[in-house]
Amino acid sequence: MAAFSPSSSSFPTTILCLLLFYPPRSLSNPSPGSGLVSFTGGKGNYPMMAREFLTAHNKVRSTVAERPFQWDRQLARVAKRWSEVRRADCALKHSRGPFGENMFWGSGWTWRAADAVTEWASEKDFYDAATNSCAVGRMCGHFTQIIWNSTVRIGCGRTECYGGGVIITCNYDPPGNYVGEFPLNATA
Ligand SMILES: *[C@@H]1O[C@H](CO)[C@@H](O)[C@H](O)[C@H]1NC(C)=O
């Protein structure tokens, strides 16, 4: 690029130095191969990530008096495998497996496990339990999967895509969101 040729003025050189000495976090490469961490930049570990996903889910469930989920390593492996597949294109494509599945995509590297759950759970505002319906033009399915009465276990994964962006995916077993069924425990 002409801007960085030796004959250019000192101004572009200053920009180059800024890039060298103050690399924006969002442009730095996440540790390749790790990909599945709770926090950005390769920090955190598997138990921390699992706990964060589980705690965030169970907080939402407690607001509607549903039993807490259990963490399931097999489901987490499935989620990890799928999010690894998506590292190249970072696309929100469902795996079409036998489990319930919530997915999240965010630009940049900073999205945490709990951020995805918060985003999904925010659909609560659009869900009307009295009529078991969702506001027109809105989605409620992520929220209703989180609170689904007969779902017992979850396993999730978070991955940083090669080209930027974060994919977070959770699997739910038994799956929820059967059309026409009421998500909550009507007997409670
Ligand atoms: C919700 O789950 C509990 C515990 O498994 C069960 O006893 C109850 O019958 C379920 N409620 C409905 C409406 O399916």
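What share of the contacts in the chain with a separation of 6 or more is between residues 24 or more positions apart? The share is 68%, two residues being in contact if their C-beta atoms, placed from the backbone, lie within 7 Å.

**Figure 1. Overview of the predicted chain and its confidence.** This is a predicted model, in which local features need pLDDT of at least 70 and side-chain atom pairs count only at pLDDT 80 or more, while totals for chains, interfaces and linings use all residues. Residues are numbered from 1 along each chain as its sequence is written. The chain has five helices and six strands, in the order α-α-β-α-β-α-β-β-α-β-β from the N terminus. Helices (H or I, at least four residues) and strands (E, at least two) are DSSP runs, numbered from the N terminus. The pLDDT, the predictor's confidence in each residue from 0 to 100, averages 80 over the chain, and 76% of the residues score at least 70. Confidence is lowest in helix α1 (residues 10-21), with a mean of 33, and highest in β1, at 97. Over residues 1-35 the pLDDT is below 50, and this stretch has 18 contacts in the model beyond near neighbours in sequence. Where pLDDT is low, the predicted coordinates should not be read in detail.

**Figure 2. The open sheet of four strands.** The strand order is β1-β5-β6-β2, with mixed pairing; two strands pair if DSSP finds at least two bridges between them. β1 (70-71) and β2 stand at the edges with a single partner strand each, so one side of each has no neighbour in the sheet. β5 and β6 run antiparallel and are joined by eight bridges; T159 has I167 in β6 as its bridge partner. α3 packs on the sheet, where it touches β5 and β6, and its direction makes about 30° with that of β5. α2 lies across β1, β5 and β6, running at about 125° to β5. These angles run from 0 to 180 degrees between N-to-C directions, with axes fitted to C-alpha atoms, for helices over the stretch in contact.

**Figure 3. Strand β2 and its partner β6.** The two strands pair in the antiparallel sense over seven bridges, and N102 has C170 in β6 as its bridge partner. Five of the seven residues of β2 are buried, so this strand is largely enclosed by the rest of the structure. A residue is buried if 20 or more other C-beta atoms lie within 10 Å of its own, exposed if 12 or fewer, and partly exposed in between.

**Figure 4. The buried face of α4.** The buried residues of α4 are A113, A116, V117 and W120. Seen down the helix axis, they fall within an arc of 95°, so they line one face of α4; the arc is that of the directions from the axis to the C-beta atoms. Their cover includes α2, β2, α5, β5 and β6.

Figure 5. Most residues other than glycine have a negative phi, and most peptide bonds are trans. R96 is found in the loop between α3 and β2 and has a positive phi of about 60°. C90 is buried, with 20 other C-beta atoms within 10 Å, whereas R96 is exposed, with 7.
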